[in-house]
Each structure stands twice: as C-alpha cells, then as structure tokens.
Amino acid sequence: MLLRVVAFVALAYALGFALFLLGLGHPLEGQKTDAIVVPTGGAGRIDRGLALLEAGEAKRMLVTGVDPSVRPRELAAIYKTTPRRIFDCCVDLGQEAIDTRSNADETAAWVRTNRFRTVRLVTSDWHMARAKLELQNALGSETEIFGDPVRTNARFATLFSEYNKLLIRRVALIAGYHG
C-alpha cells in the first residue's frame, strides 16, 4: 500500500512538472491593459515592458524590485532606444521589493493607488506561474492579471527549482499561509 502511495505521489509530481514545462507560454499579443508590471531579475523583461508601453499597450509601467540606488534617469540612459518622455511620464520604479512575494506586495500597493483594473505581468517564462500566483494572492480578485512571458532558454536546474518553489508556495497558500 505504501509503495502505491509513493508511486502515485511520484507520478503526480512528474506529471505536474511536465505540465509546468508545457505551460511556459508565449508572449501575449493584442491585449491592452491599464498597466504593465515588470519584476527585475531577468534578461529581456524591461525591454519587453518598454516596447509594450511605447506601443500604447498600457498607460503606465512599474519596474518592481529596482535597487534603491538606481534613479529613473539612469534607467533611461541604459534603454536609449526608448524616448526619455516615456520614462518621465509613464515609468515608475518600485524600490522596496527583494523577492517574488515582495514584488507582488509592492505591485499590489501601486495598482491600488493608481486604481488599475487590468495588469500585464511581464517576466521570464519559467518565473511566470509563481509570479502570477503571488500577484493574484496580493491583489485578490479585484484586478485581472494577464501573463506575458519573456521566452528564455532556462537550464533544467532553473526549471526544476522554480517548479519546486511554485509547489511549496501553493501548499503554503492552501494551508492558509499568505504572508
């Protein structure tokens, strides 16, 4: 009996990992939102967010998890292809967050302050499921979240680690731990 339970759990885990890999997704096209949120930490995330903002796909963008020493003009200097006016009018830097959960909390406060109803979350494909889970937990059902994953060639170890983090966080939320 114990062997069957262990085999069932192992099979469920493996199938869940396969579904996680299949669900990495593709960039979202043709969906305007009130806001764009980009957690720092991965190549192509800010580039994608800025391109969407410049294309008029949203009104404002939050880059969450920015080092406190970074100033908006410094970020604008790095992304020279984006007009400075975009940074001046429409890009906010969140400098409180240090991890995925605090990115979600920082984003939720920003979304509520600005009264946004729809948010496009731009993050790495392998990070999307957990980032979206955390953001949905922080925002509740009052805001619609659209995932817009940036395609990567993540290593197997990264994917495996992220899947385990996602499982642990889901279990914590189911158990009632929301902090």
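## How α1 and α7 cross

In this predicted model, helices α1 and α7 make a right-handed crossing. Their axes come within 11 Å and cross at roughly 115°, which makes α1 roughly perpendicular to α7. For orientation, α7 covers residues 156–174, while α1 takes in residues 2–22.

V6 has 49% relative accessibility, so it counts as partly exposed.

## Salt bridges that reach across the sequence

There are eleven salt bridges in the structure. One of them pairs R48 with D148, with the closest N and O atoms 3.0 Å apart. R48 sits in helix α2 (residues 45–54) and D148 in strand β5 (residues 144–150), so this pair ties together parts that are 100 residues apart in sequence. Both R48 and D148 are buried.

D148 also bridges to R120, and here the closest N and O atoms are 2.7 Å apart. That pair links strand β5 to strand β4, so parts 28 residues apart in sequence are tied together. R120 counts as buried because its relative accessibility is 0%.

R120 has another partner in E57, at 3.7 Å between the closest N and O atoms. E57 lies in the loop between α2 and β2, so its pairing with R120 in β4 joins parts that are 63 residues apart in sequence. With a relative accessible area of 17%, E57 is buried as well.

Conventions
Residues numbered from 1 in each chain as written. Predicted model: local features only at pLDDT ≥ 70, side-chain atom pairs only at ≥ 80, totals over all residues. Heavy atoms only, no water. Helix = DSSP H or I, 4+ residues; strand = E, 2+ residues; numbered from the N terminus. Buried < 20%, exposed > 50% of the residue type's maximum accessible area, 1.4 Å probe, protein only. Axes fitted to C-alpha atoms, helices over the stretch in contact; angles between N-to-C directions. Parallel < 35°, antiparallel > 145°, perpendicular 65-115°, else oblique. Left-handed = near helix turned anticlockwise from the far one by under 90°. Salt bridge = Lys/Arg side-chain N within 4 Å of Asp/Glu carboxyl O.
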